[in-house]
Amino acid sequence: MWCIQYEPERHVLTVRLTVSVPLTQMRGLVQANTQALAATAGEHFRVLCDLRGLMPLEADAATVFADASRTTA
């Protein structure tokens, strides 16, 4: 499971991953991440990534997540 939320008033992008995120769900997370980045409208923001309770990712899902985190940085 995952959730992405951008709070423009606080300039915070929060990404939460819990339990299990298989590759198919990770691809959905990447799409949502792209939309959240667009919502920042180029403003500076902070990223909070909450991984509490996340089981180890499959290798492919971990690679996709790493690639997405690079675009956020």
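A: A disulfide is a pair of cysteine sulfur atoms within 2.5 Å. This is a predicted model, in which local features need pLDDT of at least 70 and side-chain atom pairs count only at pLDDT 80 or more, while totals for chains, interfaces and linings use all residues. Residues are numbered from 1 along each chain as its sequence is written, and side-chain values use heavy atoms, leaving out hydrogens and water.

Q: How many disulfides does a search of the whole structure find?

A: The search finds zero disulfides. For C3, the nearest cysteine sulfur is that of C49, 12 Å away. C49 is likewise in no disulfide.

Q: What is the relative accessible area of C3, and what is that of C49?

A: Buried means under 20% relative accessible area, exposed over 50%, and partly exposed in between (1.4 Å probe, protein chains only). C3 is partly exposed at 34%, and C49 is partly exposed at 36%.

Q: In which order do the three strands form the sheet?

A: Strands of a sheet pair through backbone hydrogen bonds, either parallel or antiparallel. Strands (E, at least two residues) and helices (H or I, at least four) are DSSP runs numbered from the N terminus; two strands pair if DSSP finds at least two bridges between them. Here the sheet is open, with the order β1-β2-β3 and mixed pairing. Its edge strands, β1 (2-7) and β3 (46-50), each pair on one side only.

Q: In which sense do β1 and β2 pair?

A: β1 pairs with β2 (residues 12-17) in the antiparallel sense, over six bridges. Q5 has T14 in β2 as its bridge partner.
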